[in-house]
Amino acid sequence: QVQLVESGGGLVQPGGSLRLSCAVSARTLTYYPMAWFRQAPGKEREFVASIRASGGGTNYADSVKGRFTISRDNAKDTAYLQMNNLKPEDTATYLCAAGYNYNDRSPSDYPYWGQGTQVTVSS
C-alpha cells in the first residue's frame, strides 16, 4: 500500500546540518503516521522521531531532542528530518517508516519502510 523513498543523506562535518526527505506513495488518500529510524552497522535499528498523520504531534528520541526536527508536507507527500548540530554518533543509515500510531517506537510496529539513506558525520 505504501512505498517510501529517502533522500538527502551525505557526508557532513560535526556541527553541520542535513535535511532528509522521504517521498511517500500510497494507494489511498489516507495519510500515515511517519517515523525516522537509524541503524549503524552491527547495531540495532533505533527510533529517532515520529509524527502523526496530520503533522500535529511529534516524538523524539532523547539523543536527538533539540537537534532534530521531524515534519511533513502532506500536499507534497513528503516527510522530512531536519538534523542540526550533527555529531559523529549520528552516523547511520536513516530509514523512514509508515505506521498506524505515531507513538509507536518499535521497528516491528511499522509495516512500511524505505531503503534508507546514509548519513556520515566526520571531520
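This is a predicted model: local features need pLDDT of at least 70, side-chain atom pairs count only at pLDDT 80 or more; totals for chains, interfaces and linings use all residues.
Residues are numbered from 1 along each chain as its sequence is written, and side-chain values use heavy atoms, with hydrogens and water left out.

From E46, follow the side chain to R38, where the two meet in a salt bridge with an N to O distance of 2.7 Å. A salt bridge here is a side-chain nitrogen of Lys or Arg within 4 Å of a carboxyl oxygen of Asp or Glu.

R38 itself sits in strand β4. A quick word on naming: helices (H or I, at least four residues) and strands (E, at least two) are DSSP runs, numbered from the N terminus. With a relative accessible area of 5%, R38 is buried. What else does the R38 side chain reach? S63 is one of its partners, through a side-chain polar contact of 3.5 Å. R38 also forms a salt bridge with D90, with the closest N and O atoms 2.8 Å apart. D90 belongs to the loop between β8 and β9 while R38 is in β4, so this pair ties together parts that are 52 residues apart in sequence. Both R38 and D90 are buried. Leaving aside residues up to four places away in sequence, R38 has contacts (heavy atoms within 4.5 Å) that include V48, V64, F68, A92 and Y94.

The salt-bridge count for the model comes to four. One of them pairs D62 with K65, whose closest N and O atoms are 3.0 Å apart. D62 is exposed at 64% relative accessible area, whereas K65 is partly exposed at 49%. Elsewhere, salt bridges with shared partners join R38, E46, R67 and D90 into one network. As for where K65 sits, look in the loop between β6 (58–60) and β7. K65 and A79 are 14 residues apart in sequence, and their C-alpha atoms are 18 Å apart in space.

Now to the strands. Four of them make an open sheet, ordered β1-β3-β8-β7, with antiparallel pairing. Two strands count as paired if DSSP finds at least two bridges between them. At the edges are β1 (2–7) and β7 (68–73), each pairing on one side only. From one strand to the next, the twist averages 20°, based on axes that are lines fitted to C-alpha atoms (for helices, over the stretch in contact), with angles running from 0 to 180 degrees between N-to-C directions.

Inside the sheet, β3 (residues 18–26) and β8 (residues 78–83) are joined by six bridges in the antiparallel sense, and S21 has Y80 of β8 as its bridge partner. Strands β1 and β3 are also antiparallel, and six bridges join them; here V2 is opposite A26 of β3. Which residues of β1 are covered, and which are uncovered? V2, L4 and E6 make up the covered face, while Q3, V5 and S7 make up the uncovered one. In a regular strand, side chains alternate between the two faces of the sheet.

L4 leads on to the largest nonpolar core, which has 35 residues; L4, W36, L81, M83 and Y94 touch the most other members. Such a core is a set of buried Ala, Val, Leu, Ile, Met, Phe, Trp, Tyr and Cys residues joined through side-chain atoms within 4.5 Å. Strands supplying at least two residues each include β1, β3, β5 (46–51) and β11 (117–121), and the largest share, five residues, comes from β9. Not counting residues up to four places away in sequence, M83 touches residues that include L18, L20, F68, Y94 and V119. In soluble globular proteins, nonpolar side chains tend to be buried together.

Methods:
Buried means under 20% relative accessible area, exposed over 50%, partly exposed in between (1.4 Å probe, protein chains only). A polar contact is a pair of N or O atoms within 3.5 Å; within protein, one must be able to donate a hydrogen and the other to accept it, and residues adjacent in sequence count only if both atoms are side-chain atoms.
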